[in-house]
Amino acid sequence: MVQHQSSQNEPGTPASFRETITRLGPQIRPFAPRLIAGFLCALGAGVVALTIPQVLRTMVNSVLHIGGSATDVWVSAAIVALLGLAEAVLVFFRRVFVITPATRIEADLRIRLYCHLQRLPVAFHDKWGSGQLLSRSMADLSLVRRWLAFGSIMLVVSTVTVVVGLWFMFTSSWLLGLIYLVGAVPITIRAFYFRNVFRAASRLSQDQAGDLATNVEESVHGIRVIKAFGRGGQALEGFGVRARQLRDTEIKKARSLSGFLMLVVSVPEITLGVGLIVGVWLTARGELTVGDLVAFFATAAVLAGPVEGIGMLLGMTLTTKTALDRHFDVMDTENTIDSPTAPESAARPEGRLSLRDVSFSFPDTRPGSPPVLAGVDLEVEPGETMALVGVTGSGKSTLLQLVPRLYDVTGGAVLIDGIDIRRLDLDALRSTVSVAFEDTTLFSSSIADNVLLGANLPSGRDPREALDEALEVAQAGFAHDLDDGVDTVIGEEGLSLSGGQRQRIALARAIAAKPRVLVLDDPLSALDVRTEEAVTERLRSVLAGTTTLLVAHRPSTVMLADRVALLRAGRIDDVGTHAQLLARNAHYRHVIASLDDPPTVEDVLQSDSGRGNQP
Ligand SMILES: Nc1ncnc2c1ncn2[C@@H]1O[C@H](COP(=O)(O)OP(=O)(O)OP(=O)(O)O)[C@@H](O)[C@H]1O
Ligand SMILES: [Mg+2]
């Protein structure tokens, strides 16, 4: 079983927070003015909140003073109300300014990730669990958005508010300010420990969430098998184990955060208690005015929110750093299969397919295990149809996947019209080569979209005509009889169609692209004999002008080919016509004898009548 990737790609030193955030620079830069405006609004709101205690100080000192004027009360109350309103307006504008950049950056990162995933080779997808990629492109990037829109700004604003508030406290009384500041010492020390524990737990929980998503994806995908084998209980058990693991990590994360928050909330309260005693004592001695004492405590009340918030925001920032690390793990995975910088193109494209001394091993196979292909030499002439025959597991499907460069050869070369396919433009190669794989993959869109997926039709060519032609060759006329004809949307992965119907749609898709080189992995395996005959009949004329490499599991499919190549132990053992190989190659006779060929009705009737003759 393939071990899916879940943790960091390169276990080297993790990037520092600054390095990680700096990498967002290109996405953030275009929105810098709006983000700065949002930040200034948040800062303004913080400062306004802090000025309210100062108004209170003036009010207490002047209004409550013997002989103070009553109108001053109204004026002070009006100022406090206006400041409160100003704070609310600034908070509103902070949101207005930052929401658009944050959502746009999230969408941009998501699109770039998707684009990168599309370009990364199949070998990458073999290794990475789909849930990991799902959680990285959804949950992780939502975290980044929330942090950009709220966390990052509020972390800075809260810090600034706390510093300015402390300064106000010191202006009320340096002794009270100092008492309050002493509380910061245990919080800072604890913050270092918290950061390490929380960061590790956060990475683990996000990775586990990804694994859990893979688990859900896999069991939903395989629900028919799970149900049919009555393995729901076992699937649930496996899921439960992972879900509980995630729960434990989340609890560990929450414990670490709540321990830290307890300190962040309680220490300022304790220092305030001490401050109250000292403050009252100072006021009684006449060293502190009542207004100063009120301002000190009102400031402390304003700071309670930001101080507590810093703990939460620190947690949010660490989680976001993890989310970004996970994002960049994927983004940093190098695309090993790409177009060359200066692609070549054939002077006279004919569609000659050559494999020269091709060897291939899957990445990450155990050292010492034999390669799947070792020294494959094969020439398919332009327009020729070559069948590839071999026992199961001999590497036929693997060989086919080398032609459109789903994997790159590990030795030797695949050439089209004499040019190594690695020197061709990748898009050009993939429109030259068209494929229909063993396991048919259809998408949850219309039949027409599925069939015309890879067809780069020349201008002036009617897509409907190309579609009808392809459906006709693949004997997929049933599509016209569906509720909405060829516009019928087939369910997820085309599961609303039968296996044989899906296979014919996939065959139509390969043909509609009108490729010069056609690669078919046993394209008729799911068809009944009559349909197979009809498809074979129509396919023969299409194949006549197209270079075709065709994996055959049935003698009837072999019959479509001009020549047959026999794959054995990773090499081409023999090439010739079916008759030649039958006559001269014992291994071919063995393979052909073991190929499954369903009996025709005539065969059955004959054997029945034979049996009937027996006494
Ligand atoms: N993605 C993969 N990663 C690692 N090994 C793989 C992968 N796909 C196939 N293999 C291995 O490569 C070998 C050849 O497999 P391949 O699918 O090419 O066989 P095949 O000739 O097409 O067989 P069949 O006739 O059953 O379709 C097998 O031993 C298989 O286990
Ligand atoms: Mg195969």
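Asp522 is buried, at 6% relative accessibility; buried means under 20% relative accessible area, exposed over 50%, and partly exposed in between, with a 1.4 Å probe and protein chains only. Asp522 sits in the loop between strand E7 (517–521) and helix H19 (529–543). Its phi is positive, about 45°, although Asp522 is not a glycine.

This is a predicted model, in which local features need pLDDT of at least 70, side-chain atom pairs count only at pLDDT 80 or more, and totals for chains, interfaces and linings use all residues. Residues are numbered from 1 along each chain as its sequence is written, chains are lettered from A and ligands numbered from 1 in the order in which they are written, and side-chain values use heavy atoms, with hydrogens and water left out.

Helices (H or I, at least four residues) and strands (E, at least two) are DSSP runs, numbered from the N terminus.

**Magnesium site**

- The protein donors of the magnesium ion (ligand 2) are Ser397 (OG), Glu438 (OE) and Glu438 (OE). They lie 1.9 to 2.7 Å from the ion.
- Ser397 belongs to helix H13 (residues 396–402), and Glu438 to the loop between strand E6 (433–436) and helix H15 (447–451), so the pair ties together parts that are 41 residues apart in sequence.
- Donors are N, O and S atoms within 2.8 Å of the metal (3.2 Å for Na, K and Ca); water is not among the atoms, so sites may look incomplete.
- Glu438 is partly exposed, with a relative accessible area of 45%.

**Ligand 1**

- Ligand 1 is surrounded by 13 residues. The closest are Thr392, Lys396, Ser397, Thr398 and Glu438. A residue counts as near a molecule or strand if one of its heavy atoms lies within 4 Å of it.
- Ser397 has a side-chain N or O atom 2.7 Å from an oxygen atom of ligand 1. Ser397 is also a donor of the magnesium ion.
- For Thr398, a side-chain N or O atom is 2.5 Å from an oxygen atom of ligand 1.
- His553 places a polar side-chain atom 2.9 Å from an oxygen atom of ligand 1.
- A polar contact is a pair of N or O atoms within 3.5 Å; within protein, one must be able to donate a hydrogen and the other to accept it, and residues adjacent in sequence count only if both atoms are side-chain atoms.

**Cavity**

- The whole structure holds 1 cavity of 30 Å³ or more. The largest cavity has a volume of about 40 Å³.
- A cavity is a set of points, on a 1 Å grid over the protein atoms alone, where a 1.4 Å probe fits but cannot get out; lining residues have an atom within 4 Å of a point. Grid points are joined across faces, edges and corners, and a volume is the space filled by probe spheres set on the points.
- Lining residues of the largest cavity include Leu402, Arg405, Tyr407, Asp408 and Val409. Also among them are Ala413, Val414, Asp420, Ile421 and Arg422.
- The lining has 6 nonpolar, no polar and 4 charged residues. Here Ala, Val, Leu, Ile, Met, Phe, Trp, Tyr, Cys and Pro count as nonpolar, Asp, Glu, Lys and Arg as charged, and the others, Gly among them, as polar.

**Loop residues**

- Asp417 lies in the loop between strand E4 (411–416) and strand E5 (419–420). Its phi is near 50°, a positive value in a residue other than glycine. Asp417 is buried, at 15% relative accessible area.
- Phe31 is in the loop between helix H2 (25–28) and helix H3 (32–63). Phe31 is buried, at 15%. Phe31 and Pro101 are 70 residues apart in sequence and 5.7 Å apart in space, C-alpha to C-alpha.

**Helix residues**

- His116 is part of helix H4 (residues 70–119). At 9% relative accessibility, His116 is buried. Its side chain reaches the backbone oxygen of Met331 at 3.3 Å.
- Ile153 is in helix H7 (residues 139–172) and is buried, at 6%. The C-alpha atoms of Ile153 and Leu560 are separated by 67 Å, with the two residues 407 apart along the chain.
- Asp211 is in helix H9 (residues 184–221). Asp211 is partly exposed, at 21%. From Asp211 to Val197 is 14 residues in sequence and 21 Å in space, C-alpha to C-alpha.
- Ala593 is in helix H22 (residues 586–594). At 64% relative accessibility, Ala593 is exposed. The C-alpha atoms of Ala593 and Gln206 are separated by 52 Å, and the residues are 387 apart along the chain.

Methods: On a 1 Å grid over the protein atoms alone, a cavity is a set of points where a 1.4 Å probe fits but cannot get out, and a pocket is an open set with protein on both sides within 12 Å along at least five of seven lines; lining residues have an atom within 4 Å of a point.
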